[in-house]
Amino acid sequence: MFRKQSLHLFISSGVNFVIMAFIIYNGYQDNLMDICLGVTASSGNLLLFSIFLYKKKNLQLKMIRVFSILYFIFGCYITFFTNLEQSSFIVFGIFTVCIFSYLATKHIKKDIELIGSSNRIR
């Protein structure tokens with residue numbers, strides 16, 4: 001069975017790894033960029049890991065929600081409080097990841113509701 005949320009999480013993870021490669025390729029050497037590099041690497045791995053939690057949908061939903069909120073706050077911090085030359089690509093990537101994470105949570109909630117309704121029918 002094809003799961004849309006897995007595709008959304010995989011795309012989010014891929015965007016995180018592209019941001020990480022962009023930071024490494026351009027050779028940004030800043031404390032903020034080191035933090036951004038760590039955040040994108042850990043979030044990419046977290047999103048890949050959450051794909052395999054399909055049997056624990058509630059845990060998967062909570063992890064993605066917390067991640068999305070923290071990642072959105074990090075993106076807003078980079079947008080408004082830093083002065084980077086190439087920050088537009090990084091910010092676009094971060095908000096793209098947040099959008100795909102939101103779509104994944106939307107589909108996970110649909111699955112949870114479907115499971116709940118099928119349990120009531122039994």
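The following legends describe close-up views of a predicted model.

**View 1. The stacked aromatic pair of Phe67 and Tyr71 in helix H3**. Two aromatic pairs are found when the whole structure is searched. One of them joins Phe67 and Tyr71, whose ring centres are 5.0 Å apart and whose planes make an angle of 25 degrees. The pair counts as stacked because planes under 30 degrees apart are classed in this way. Both residues belong to helix H3, which spans residues 57-81. Phe67 and Tyr71 are separated by about one helical turn, because they lie four residues apart in this helix. Phe67 is buried, with a relative accessible area of 8%. Tyr71 is likewise buried, at a relative accessible area of 3%.

**View 2. The packing of helix H2 against helix H3**. Helix H2 comprises residues 31-51, and its axis lies 11 Å from that of H3. The angle between the two helices is about 160 degrees, and H2 and H3 are therefore roughly antiparallel to each other. The crossing of H2 past H3 is left-handed. On the H2 side, the contact is formed by Leu32, Ile35, Cys36, Val39, Thr40, Ser43, Leu46, Leu47, Phe49, Ser50 and Ile51. These residues meet Gln60, Met63, Ile64, Phe67, Tyr71, Phe74, Tyr77 and Ile78 of H3. Classified by residue type, the contact of H2 with H3 contains 15 nonpolar and four polar residues, and no charged residues.

**View 3. The packing of helix H1 against helix H3**. Helix H1 covers residues 4-26 and packs on H3 at an angle of about 35 degrees, with the two axes 14 Å apart. H1 passes H3 in a left-handed crossing. Leu9, Asn16 and Ile19 are the contributors from H1, while Gln60, Ile64, Phe67 and Tyr71 are those from H3. The contact of H1 with H3 has five nonpolar residues, two polar residues and no charged residues.

View 4. Ser101 counts as buried because its relative accessibility is 0%. With residues up to four places away in sequence left out, Ser101 touches Ser12, Leu47, Ile64, Phe67 and Ser68.

Definitions and conventions
Residues numbered from 1 in each chain as written. Predicted model: local features only at pLDDT ≥ 70, side-chain atom pairs only at ≥ 80, totals over all residues. Heavy atoms only, no water. Phe/Tyr/Trp six-rings, centres within 6.5 Å; stacked < 30°, edge-to-face > 60°. Buried < 20%, exposed > 50% of the residue type's maximum accessible area, 1.4 Å probe, protein only. Axes fitted to C-alpha atoms, helices over the stretch in contact; angles between N-to-C directions. Parallel < 35°, antiparallel > 145°, perpendicular 65-115°, else oblique. Left-handed = near helix turned anticlockwise from the far one by under 90°. Contact = heavy atoms within 4.5 Å. Nonpolar A, V, L, I, M, F, W, Y, C, P; charged D, E, K, R; others polar.
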